[in-house]
Amino acid sequence: MNSSFIGNIIVKNRCFSLIFYISYSMMYIEVIWKGRWNLKILAVGDIVGENGVKKLKEILPKIKQENNIDFCIVNGENSAGGMGITTKIFECLLNLKIDVITMGNHTWGKKDIFSFIDHPQIIRPANYSKGVVR
């Protein structure tokens, strides 16, 4: 990993220590409570284009296994040709056991998104209310 830092957060009157390991477009977070490792989170930045998806397919399973990752977040808004996401790529990401796929300003780059925007593993942009597309 390239760099790391430690921070603390308080949730429901409990203090959690967070250790962030940052390398390129990936961030690995260890959440500690009462000196125990409770949750390991991997956050992957923009997957850009089909080559980004291909690389993720190659390295993600190994990273998850080596680091005992409990929860994986991937930004998929640029995964189809650098803008948007297709049904095929969305299904590929789900097959990689990714827990949450985040979207952003390029969400609407491909029309496929309208068929799965309400999927529970998609975090939609805040300016796009649930249920708008039916």
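**Close-up 1. F114 and W108 in the predicted model.** At 39% relative accessibility, F114 counts as partly exposed, and the model in which this value was computed is a predicted one. W108 is likewise partly exposed, its relative accessible area being 32%.

**Close-up 2. The aromatic pairs.** The structure holds 2 aromatic pairs. In one of them, F90 and F116 are stacked, with 4.3 Å from centre to centre and 10° between the planes. This pair links distant parts of the chain, since F90 belongs to helix α2 whereas F116 sits in the loop between β6 and β7, 26 residues apart. F90 and F116 are both buried. The rings of W108 and F114 have their centres 5.7 Å apart and their planes at 20°, so this pair too is stacked; planes under 30 degrees apart are counted in that way.

**Close-up 3. The buried face of helix α2.** Helix α2 spans residues 87-95, and its buried residues are I89, F90, C92 and L93. Viewed down the axis of α2, these buried residues fall within an arc of 160°, so they line one face of the helix. An α-helix has 3.6 residues a turn, and residues three or four places apart therefore point the same way. Among the elements that cover the buried residues of α2 are helix α1 (49-66) and the strands β6 and β7, the latter comprising residues 122-123.

**Close-up 4. The outward face of helix α2 and the residue that follows the helix.** The face of α2 that is turned away from its buried side carries K88 and N95, which are exposed. Just after α2, the backbone at K97 takes a positive phi of about 65°.

Close-up 5. T102 lies in strand β6, which is made up of residues 100-102. With a relative accessible area of 18%, T102 is buried, because the cut-off for that label is under 20%. The side chain of T102 makes a polar contact, at 3.1 Å, with the side chain of N75. Leaving aside residues up to four places away in sequence, T102 touches I73, V74, N75, G76, E77 and I123.

Methods. Residues are numbered from 1 along each chain as its sequence is written. This is a predicted model: local features need pLDDT of at least 70, side-chain atom pairs count only at pLDDT 80 or more; totals for chains, interfaces and linings use all residues. Side-chain values use heavy atoms; hydrogens and water are left out. Helices (H or I, at least four residues) and strands (E, at least two) are DSSP runs, numbered from the N terminus. Buried means under 20% relative accessible area, exposed over 50%, partly exposed in between (1.4 Å probe, protein chains only). A polar contact is a pair of N or O atoms within 3.5 Å; within protein, one must be able to donate a hydrogen and the other to accept it, and residues adjacent in sequence count only if both atoms are side-chain atoms. Contact means heavy atoms within 4.5 Å. The arc is that of the directions from the helix axis to the C-beta atoms. Rings of Phe, Tyr and Trp (its six-membered ring) pair if their centres lie within 6.5 Å; planes under 30 degrees apart count as stacked, over 60 as edge-to-face and the rest as tilted.
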